[in-house]
Each structure stands twice: as structure tokens, then as C-alpha cells.
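Please read the following briefing alongside the sequence and the coordinates.

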Amino acid sequence: MTSRQHDQDGGGGEPQAPWSEIVPRLWMGGHQWTDSAGTPQPAVVGSEFDLVVSLFSQPGHGPDPQVRHLVSEFPDGRLTTEQIRTVQELARTTADAVRDGLTVLVRCQSGYNRSGLVVAQTLIETGLTAAEAVELIRLKRSPWALANPTFEQYLATGLDVAYLLTGLDETAG
């Protein structure tokens with residue numbers, strides 16, 4: 001196990017907050033977090049955000065019915081071309097919402113990898129480089145964020161190129 005690996009195997013540091021503000025109006029989080037006593041807590045969204053993008057969902061974790069909620073689950077691993085395209089669309093939607101002055105939460109299970117991929121791509125859409133986006137997410141959310149090396153490679157390569165390369169793998173396989 002690498003020192004940064006986290007999401008599915010439970011290694012690394014648990015989130016110390018249900019969600020973290022990465023840039024103004026753009027938040028990243030998960031469905032669980034650990035309080036200062038080390039006790040796991042559910043991260044339940046009410047009406048704190050104008051838009052919630054869930055990449056993992058669990059009943060009873062919100063948001064309130066009046067909040068716009070986009071749900072698109074995908075694995076914390078290699079993605080298909082369709083899943084990469086979905087990440088791009090969610091990032092564009094998120095970037096547009098933030099530009100329009102809306103408050104957005106992007107969340108996955110722990111709030112590290114899948115949400116990190118979409119938030120990083122959102123930051124890229126708004127002008128940051130992939131390296132700047134990853135660094136900012138790790139600074140604001142957790143050093144354990146974006147521990148998935150495949151997601152880091154997608155970002156470094158660019159999702160358009162990753163989409164094309166994945167398409168080649170899918171047609172060859």
C-alpha cells in the first residue's frame with residue numbers, strides 16, 4: 001500500500017471535516033468524517049449548498065429536496081470513456097455554477113479521490129493547471145486527497161487525451 005492510498009482500503013488519514021472549501025463557493029467532501037475523538041460521523045447535507053454533485057450516494061445523507069442534486073456514481077479506479085466524459089460534464093456544470101455565484105459541494109465516499117477528480121477538473125476549467133489543482137485540493141481538503149494515481153495521471157494528461165487513450169484501449173480489448 002502506498003502512503004497516499006486511502007479511499008477503498010481505509011488506509012491513510014480519515015477526513016476531519018464533512019466537507020472543505022477548496023475555493024470560494026466550491027466545496028469537496030464525503031459521506032463520512034471522523035471527529036476529534038476519532039468517532040466516525042455521517043456527513044449529512046441539508047440546504048447548505050445550491051448544488052450537490054454526488055459520486056457515491058447513501059440513503060439519508062441528503063441533500064434536502066429543494067437542493068439541485070446530480071448523482072453519477074463511478075469507481076475509484078480506471079474509468080471507461082463514458083465515465084471520463086461524465087467527469088468532464090460534471091466539472092463543466094460545477095464550474096458554471098460557481099461562476100454564477102452558486103455554492104457547490106462535490107462529494108464521494110470519503111471525500112478524497114472521486115470528488116477530488118471532479119473538483120480538480122473544475123479548477124482546471126477555471127484556469128488552474130492540473131498540478132496547481134491537485135496541490136490546492138491537498139492543501140485545503142487533505143494530504144490524502146487524490147491518492148489514486150490513475151486519477152492523477154488523467155489530470156496530468158488532460159481528460160480529453162485520457163478519453164481518447166481509454167477509447168483506444170476499449171476498442172483493442
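Which residues of the largest nonpolar core touch the most other members? Of its 34 residues, they are L55, F74, L79, V106, V119, L123 and I137. This is a predicted model, in which local features need pLDDT of at least 70 and side-chain atom pairs count only at pLDDT 80 or more, while totals for chains, interfaces and linings use all residues. Residues are numbered from 1 along each chain as its sequence is written, and side-chain values use heavy atoms, with hydrogens and water left out.

**Cores**
- A nonpolar core is a set of buried Ala, Val, Leu, Ile, Met, Phe, Trp, Tyr and Cys residues joined through side-chain atoms within 4.5 Å, where buried means under 20% relative accessible area, exposed over 50% and partly exposed in between (1.4 Å probe, protein chains only).
- A second, separate core has seven residues, including W19, F49, V67 and L105.
- Not counting residues up to four places away in sequence, L55 touches, among others, F74, L90, V106 and V118, a contact being heavy atoms within 4.5 Å.

**Helix α3**
- Helices (H or I, at least four residues) and strands (E, at least two) are DSSP runs numbered from the N terminus.
- The buried residues of α3 are A130, A133, V134, L136, I137 and R138, and they pack against β1 (19-23), β2, α2 and α4.

**Loop residue S57**
- S57 lies in the loop between β5 and β6 (68-71) and counts as partly exposed because its relative accessibility is 32%.
- The side chains of S57 and E73 are joined by a polar contact of 2.5 Å (a pair of N or O atoms within 3.5 Å; within protein, one must be able to donate a hydrogen and the other to accept it, and residues adjacent in sequence count only if both atoms are side-chain atoms).
- S57 and C108 are 51 residues apart in sequence, yet their C-alpha atoms are 7.4 Å apart in space.
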